[in-house]
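Reader: I am new to aromatic pairs. Please show me how to read them.

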Amino acid sequence: MKKVLRALSLALVIAMLAVTAFADSYVPSIQQKKAMGIKTVTATLEDGTEVKHPATDVVVTPLVDGEKLSEEDQKLLDEAYDSILEAGSVRKAAPKLVEMLEDEENKTLNLNVDDFVVRDLVLVQFVNEELKKDGVKVTVQFELNVDKDEDVLVMRYVPSEEEKDTYEWVPVALDDVTVNANGTVDVVLDGEGPVAFLVKAEK
């Protein structure tokens with residue numbers, strides 16, 4: 001009996017290690033990542049007017065600092081992470097990202113979702129109420145320190161339009177993500193919540 005239990009225990013440990021290793025292939029160590037800095041914040045109003053805001057008007061919290069959030073916000077960030085982990089791949093976690101990349105307009109870019117991994121997952125919050133108003137788009141310049149030629153995809157975890165009381169990952173339009181020569185990335189956001197940054201996996 002002891003031998004059987006020992007064998008079962010060993011099998012369970014091996015299975016857990018396999019799952020962890022598999023997850024690391026598309027969600028590499030994001031649980032330990034610190035928050036990236038924010039360089040600039042610009043709000044674009046409905047009439048097209050651009051308003052500069054201090055970087056402190058936007059707060060970024062990574063998974064590792066989740067305990068600093070309210071219970072509700074921490075739960076949402078954890079759910080965002082779990083939704084990717086439990087899906088088993090970025091492709092399954094974010095079908096709308098797949099749809100965007102495979103759209104006729106984007107096919108020529110040759111961006112295959114299976115080549116990407118989640119580099120960072122954070123909760124983005126707007127401190128200034130002006131940024132939360134309907135119709136306002138907020139361009140946040142994140143200090144990601146990526147190569148200027150690197151492909152970066154961004155997606156948000158938002159309430160589903162199809163299913164009540166559920167959330168889903170939706171991509172930020174490719175035109176709304178700009179990689180700058182200094183390693184920063186400009187992202188146009190139309191709301192708060194969990195945000196995931198994806199880059200191509202190292203080969």
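**Aromatic pairs**

Author: Rings of Phe, Tyr and Trp (its six-membered ring) pair if their centres lie within 6.5 Å; planes under 30 degrees apart count as stacked, over 60 as edge-to-face and the rest as tilted. By this rule there are three aromatic pairs here. One of them joins Phe142 and Phe197, edge-to-face, at 5.0 Å centre to centre with 70° between the planes. The model is predicted: local features need pLDDT of at least 70, side-chain atom pairs count only at pLDDT 80 or more, and totals for chains, interfaces and linings use all residues. Residues are numbered from 1 along each chain as its sequence is written, and side-chain values use heavy atoms, with hydrogens and water left out.

Reader: Which parts does the pair of Phe142 and Phe197 tie together?

Author: Strands (E, at least two residues) are DSSP runs, numbered from the N terminus. Phe142 sits in strand β5 (residues 137-143) and Phe197 in strand β10 (residues 193-200), so their pair ties together parts 55 residues apart in sequence.

Reader: Is Phe142 buried or exposed?

Author: Buried means under 20% relative accessible area, exposed over 50%, partly exposed in between (1.4 Å probe, protein chains only). Phe142 has 0%, so Phe142 is buried. Phe197 is also at 0% and counts as buried.

Reader: What kind of pair do Tyr157 and Trp169 form?

Author: A tilted one, 5.0 Å centre to centre and 45° between the planes. Tyr157 belongs to strand β6 (residues 152-159) and Trp169 to strand β7 (residues 167-171), so this pair links parts 12 residues apart in sequence. Tyr157 is buried at 9%. Trp169 is buried at 3%.

Reader: Which residues do ring pairs link into a cluster?

Author: Tyr157, Tyr167 and Trp169.

Note on methods:
Helices (H or I, at least four residues) and strands (E, at least two) are DSSP runs, numbered from the N terminus.
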